[in-house]
Amino acid sequence: MKNSVQIGPSDTISAFLLFFIVHGAQIGVGIHGFQRIIYQDAKQDAWISVILAGLATHIIAIFMLKTLEIYGSNDLYGIHQDIFGKWIGNFFNIIYISYCSVAFFAVLRNYIEVVQTWVFPDLNTWFLTVSLLLIVMYAFTGGLRVIVGVSFFSAVLSIWLFPMLAFPMKFIEPRSLLPILDSDFSEILKGVHSMTFTVIGFEILYVIYPFVKDKEKAKKHVHLGLFVTTLIYLAVMLVTLTYFSGAQLTKTIWATLTLFGVVKFPFIERIEYFVVCFWLLIILPNLCLFIWSAFRGAKRLVKVSANKFVWLFSLIIFGVSFMFKTRPQINTFNDYYSQVAFYIVFVYPILLYVLAVAKKKFKSHKEQIE
Amino acid sequence: MKKCCVILLSLFLCVGLAACAETKLLERVGLVTLVGYDFGKEEAVETTAVVRQVSTELQSKVAIITAENATTQGTRAKVNNRAAEKIMSGQLRGVLFGEEFASAGIGHNIETSLRNSTISGAMLLAVVEGETRPMLEYPYPEIDDIGEHIYKLLKQNIASEQVVSSTLHEVAHDYYSVGRDVAIPLLNRDEELIEISGIALFRRDKMVGKLSVEDSFYVKLMRDNYHAGSYEMKLKGEDLPTSLLKDPPDEINVVFDPIKTRKDVKLVNPTTPEFDLHITVQVRLLEIKPNINVGEVKNAEELEKVIGTGLSAELSRVIADCQEIGSDVFGFGEFYRSSVRHSELTEEKWHAMFKEMKVNIDFDVTLLRSGIFE
Amino acid sequence: MSEKKSELASTQQSSAIESDHTGSAVSDSTDEFIQSVRDAVHNTSDLVVKSIPPNLTLFYIDNLVDNQTLKQHVLKELLKYPFQSPQYMLSFLSIPQVKLEGETGKAVRAMMDGTVLIHVEGYTQVVLANIPTTESRALSAPEMESQVIGAQVAFNESLSTNISLIRRYIKNPNLCNENLEVGKQTKTSIAMIFIKGVASEEMVNTLRQRITDLETDSALDSSILEQMIDDNSLSIFPQMLLTERPDKLCAELLNGKLGLIVDGSSLAIVCPHTFLEFFQSQEDQNLRWQIATFVRLLRFSAVVLSVFLTPMYVAALTYHYEVIPQTLVVPLSESRALVPFPPLFEALLLEMIIELLREAGVRLPSKVGQTIGIVGGIVIGTAAVQAGITSNILIIIIALGALSSFTTPSYMMGNVIRLIRFPLILVAGLWGFYGIMLGFCCIMIELLRQSSLGSPYTAPFYPPRLIDWRDSLVRLPLPFTFKRPSNTRPEDKNKYEPEPINPENDEQKVT
């Protein structure tokens with residue numbers, strides 16, 4: 001392909017790390033309070049929605065990988081340019097760049113909201129924004145190696161959070177899950193749709209794929225990453241459904257954090273205060289990967305250095321962060337964002353695959369004629 | 001690159017000096033450890049707060065502050081006006097309700113507590129016979145910190161399975177669930193002592209009745225499984241077969257410890273509704289008066305049977321009592337909801353059904369051992 | 001970036017050599033040669049010019065040559081066989097290092113190393129007889145990296161002794177020793193040591209390039225050289241290890257690393273080195289693997305504790321009183337009751353006192369130093385609590401932190417652990433747990449950004465190399481750790497061929 005990504009050997013990453021990248025890009029702010037939203041749709045069968053959403057991510061990932069395999073070593077931006085030509089392709093690229101930026105902002109703003117509600121009601125939004133942006137800048141300017149490293153350590157260092165689920169398990173009532181499949185299928189599907197905000201992030205594949213060293217192994221690790229994420233969501237969902245009673249859950253905004261409230265050690269209790277702050281480490285890969293994929297796209301459009309881009313990007317995000325002040329505003333933003341994300345992440349990849357296959361067929365056909 | 005780092009660093013320092021969160025220094029805040037709610041004389045709520053304050057004599061002391069207002073958060077501001085240090089509720093360990101207050105409904109208080117991120121879900125709730133204020137203000141000679149004392153009292157009894165657990169989370173769980181009503185320990189002041197006198201039964205958020213400590217065993221039996229509790233029961237002399245004990249007295253006292261229970265509930269008729277309840281109990285015999293030699297297999301089997309019938313008689317009595325006042329603290333509604341597809345159960349629907357509910361009880365008692373001396 | 005620097009440096013260095021006016025050939029006339037030597041050393045007063053009539057002249061720097069050897073083996077022989085050509089002298093001078101030199105500049109430079117120049121009238125070559133004084137202290141036990149089990153010998157300041165120490169551990173002709181020279185003024189000789197066939201050729205070239213490209217006045221100590229040649233001199237983290245233990249250096253050489261020994265410095269440089277390896281001691285290899293694993297975990301958790309305990313205390317007491325368990329609330333608040341400062345200042349004050357004590361202990365003579373420790377620790381600590389400027393619980397926490405920071409085997413890394421606490425305490429005092437996490441993320445990213453001689457600093461965790469985890473935070477039994485760490489990119493990947501562990505024992509079990 002003429003516009004494939006040129007990568008030096010030092011920039012490549014081993015396929016094994018895709019596991020951490022996919023996992024790190026998926027888990028972010030969504031897990032704080034996804035239970036309530038899914039429960040509203042699917043009631044006690046919300047866990048089925050989680051499994052189905054997990055399956056959907058696997059299917060979409062297969063489409064993404066197939067599309068990328070057609071092109072060998074090219075990212076989404078190059079594929080766009082190839083399929084749609086320069087102008088329309090670049091138009092799609094701009095849409096995707098904006099999507100990444102909006103995703104970045106969604107993660108940032110939601111996290112700030114949690115911190116402000118839970119720990120520091122009096123800490124300014126602008127301060128939290130700036131501190132997060134500075135950390136992201138610091139990681140971003142280190143290059144892809146550092147960003148992937150952040151994803152890796154973020155996943156590894158957060159493992160301890162998972163066994164903490166054992167503390168709320170003391171209070172669970174497994175009976176709450178019965179009767180299974182009480183909600184009808186359309187409600188469960190609605191729950192799957194509501195999972196969008198929580199499971200997205202793995203579309204980073206589109207951009208990072210050319211950087212993978214041993215591409216034949218990529219599939220395995222991507223799916224493993226998606227599987228583990230689904231497993232974590234499922235475990236959290238099951239504990240939540242049995243820990244809370246129905247109406248209680250619909251009123252609990254960040255159920256996962258409330259779960260942590262019962263964790264108690266001889267030297268520390270109420271660890272949700274610490275966990276909220278610790279979540280900074282978990283959203284860091286989210287932010288870094290989104291800004292990085294936005295940068296990859298911007299680089300295709302205009303010649304821009306990483307330093308210049310990150311400053312400009314941060315300034316814009318900083319400016320936009322003043323527009324959202326209240327919870328209803330943020331909720332509306334989240335709703336719109338997950339609507340758009342649903343089409344970009346779950347619908348568009350299939351379309352793109354079909355187009356890519358058609359283009360390939362057309363091309364080979366033309367070559368045969370010639 | 002290097003220049004970039006320097007800019008980052010200096011920017012960060014500037015930001016740091018500009019924005020600094022409000023401090024809550026541990027020794028400069030008054031930590032509320034216990035709150036009691038009653039009806040006020042003039043206004044809706046009277047709050048009695050137990051505040052732990054740290055004085056400069058390296059001794060912490062406890063202040064009891066009372067205030068009245070229309071809302072609980074309003075009383076909080078008033079309590080703050082009367083305290084030397086800023087009042088913080090992050091270390092709140094317990095909330096008490098006066099009996100009258102509880103009868104009027106505690107739903108609003110539960111909701112407000114859940115809304116507040118500083119309040120722990122592990123906080124314990126209790127109802128006080130009479131009013132909370134006299135209980136908290138009484139000068140107990142043996143108790144230094146009334147807040148800590150009541151918290152420990154409740155916690156210890158909950159841990160040893162003497163009384164139902166009543167953390168904020170569990171109470172909220174029952175309050176918001178369709179098929180189970182709230183049950184909260186009941187406290188009583190007996191002169192210079194505070195004791196648990198039973199449990200308060202709720203219907204939705206209103207207290208509608210109470211049970212003695214002995215009867216609350218059956219409520220707990222139905223709600224949770226016992227792992228290490230203990231229980232003393234009375235058997236009627238006439239129930240005992242003569243092979244076990246000739247000329248039995250009117251009452252025979254039996255104490256078990258520890259008890260392990262498992263229950264199996266089956267909905268046999270969804271329309272009435274009717275439940276089959278099968279409970280297996282494994283006990284260690286601690287004391288029996290007058291003494292019966294349970295070392296013999298036959299004797300033990302006989303005794304097991306008698307205990308089983310005794311337990312089921314008591315349980316059906318307690319269930320009937322609760323049915324009368326319409327408080328399903330056992331969670332039969334939860335069993336109903338989870339067994340019937342598309343039940344669309346609502347609170348009103350269930351409470352109507354609960355009154356008509358029938359339960360067939362079957363106990364299966366096993367005496368595991370009886371100590372080191374027969 | 002380093003490549004650019006290297007190009008620049010190499011051109012400048014070559015021009016410097018050309019401009020050296022002593023680069024001329026040796027004159028055959030004695031007077032002229034005397035003059036040119038005198039000019040080259042600027043008439044230094046310790047230059048000895050000794051004429052042995054009729055045709056010999058000896059030049060040397062006083063005290064740099066061994067007088068005993070000079071008398072016994074040089075002067076005596078020269079007087080015995082006068083009128084000989086320089087070529088013939090090579091054969092009859094009974095000292096090991098004799099050679100001919102035709103260039104005045106090189107001859108003079110050799111003179112600075114303890115060489116006697118013997119000029120014969122009428123010849124354009126001088127004889128260089130190398131008889132340097134061996135003034136160095138005796139080998140002693142290691143001070144900074146003392147161990148209970150293991151060799152009790154440390155490097156000293158003599159390059160040749162140090163190399164001989166290594167040669168005694170690794171008796172292998174593949175052990176390469178390359179001599180390099182650093183410092184326009186000092187001309188310090190540096191030995192680059194590696195095992196050919198084990199160490200990565202690429203890394204050897206990189207390191208050689210970095211040293212030869214150095215454009216500096218001096219490299220008085222290996223620690224200075226380390227700062228000049230590491231990947232990122234601005235970072236707080238050292239990227240190369242300084243060790244005084246020959247056995248440590250040899251173990252690392254066998255892992256495929258490179259060593260540098262600087263003349264006049266008792267510390268050897270080991271590179272590439274990863275962050276985690278700074279917390280490993282050579283003693284871990286000498287102990288049974290269970291104990292070694294325990295000690296390593298203990299040491300690493302001590303570091304984490306040392307860095308994060310005080311900030312946690314500050315954050316919890318300043319902002320997050322909710323997380324303190326009920327049983328701790330009373331003792332904590334009572335101990336804080338009299339303290340007039342917020343926890344941030346209290347902690348900074350106490351940390352400063354500890355650091356002062358430590359610094360004073362290092363600077364003072366060792367006998368007084370011990371007293372300072374006792375006086376400082378007991379007197380100041382108790383007095384501070386009694387005076388009510390600190391809480392006694394904080395004293396325990398700070399002491400624990402200080403104790404933990406001493407467990408780091410590398411002094412350089414220990415210093416980092418010392419220092420890194422202060423910004424963390426500051427951010428904890430400003431923004432509580434959120435500040436701590438900001439600081440933590442900063443440290444993490446900083447670590448990720450570093451590299452050591454081009455290999456990742458955070459190995460073997462990132463990039464993940466599972467096989468290397470066997471000898472990282474834990475140390476598995478030796479039969480499992482047959483691989484050399486892959487971050488050294490060794491030419492020979494295995495230390496030995498893995499074999500089934502204790503096959504005889506298995507057989508015994510069957511019978």
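Start by selecting C:Leu332. Leaving aside neighbours within four places in sequence, C:Leu332 is in contact with B:Leu26, C:Leu317, C:Ile324 and C:Ile393. Two residues are in contact if their C-beta atoms, placed from the backbone, lie within 7 Å. This is a predicted model, where local features need pLDDT of at least 70 and side-chain atom pairs count only at pLDDT 80 or more, while totals for chains, interfaces and linings use all residues. Residues are numbered from 1 along each chain as its sequence is written, and chains are lettered from A and ligands numbered from 1 in the order in which they are written.

**Around C:Leu332**

Colour helix 12 (residues 326–336) of chain C; C:Leu332 sits in it. Helices (H or I, at least four residues) and strands (E, at least two) are DSSP runs, numbered from the N terminus. C:Leu332 is buried, because 22 other C-beta atoms lie within 10 Å. A residue is buried if 20 or more other C-beta atoms lie within 10 Å of its own, exposed if 12 or fewer, and partly exposed in between, with C-beta atoms placed from the backbone.

**Chain C as a whole**

Zoom out to chain C. Look for 17 helices and 12 strands. The C-alpha trace spans about 100 × 70 × 45 Å along its principal axes. Of the 511 residues in chain C, 39% are buried. Take the contacts in chain C between residues at least 6 apart in sequence: 66% of them join residues at least 24 apart.

**The cores**

Next, show the largest nonpolar core, with 303 residues. Such a core is a set of buried Ala, Val, Leu, Ile, Met, Phe, Trp, Tyr and Cys residues joined through C-beta atoms within 7 Å. Helix 16 (residues 411–449) of chain C gives the largest share of this core, 22 residues. A:Ala139, A:Cys288 and A:Ile291 have the most contacts inside the core. Select A:Ala139. Beyond its neighbours within four places in sequence, A:Ala139 touches A:Val146, A:Ile147, A:Val150, A:Leu284, A:Cys288 and C:Ile445. A second, separate core has 26 residues, including C:Phe59, C:Val65, C:Val120 and C:Ile131.

**Two helices of chain A**

Select helix 14 and helix 15 (residues 306–320) of chain A. They pack at an angle of about 120 degrees, with axes 11 Å apart. Helix 14 brings A:Ile291, A:Ala294, A:Phe295 and A:Ala298 to the contact, and helix 15 brings A:Ala306, A:Phe309, A:Val310 and A:Phe313.

**Where the chains meet**

Show chains A and C together. Their contact takes 28 residues from chain A and 18 residues from chain C. On the chain A side, helix 5 (125–140), helix 6 (144–157) and helix 14 (272–301) each give two or more residues. Helix 14 of chain A has the largest share, 7 residues.

Finish with chains B and A. Here the contact takes 22 residues from chain B and 29 residues from chain A. On the chain B side, helix 1 (2–18), helix 7 (168–176) and helix 10 (332–339) each supply at least two residues.

Definitions and conventions
Axes are lines fitted to C-alpha atoms, for helices over the stretch in contact, and angles run from 0 to 180 degrees between N-to-C directions.
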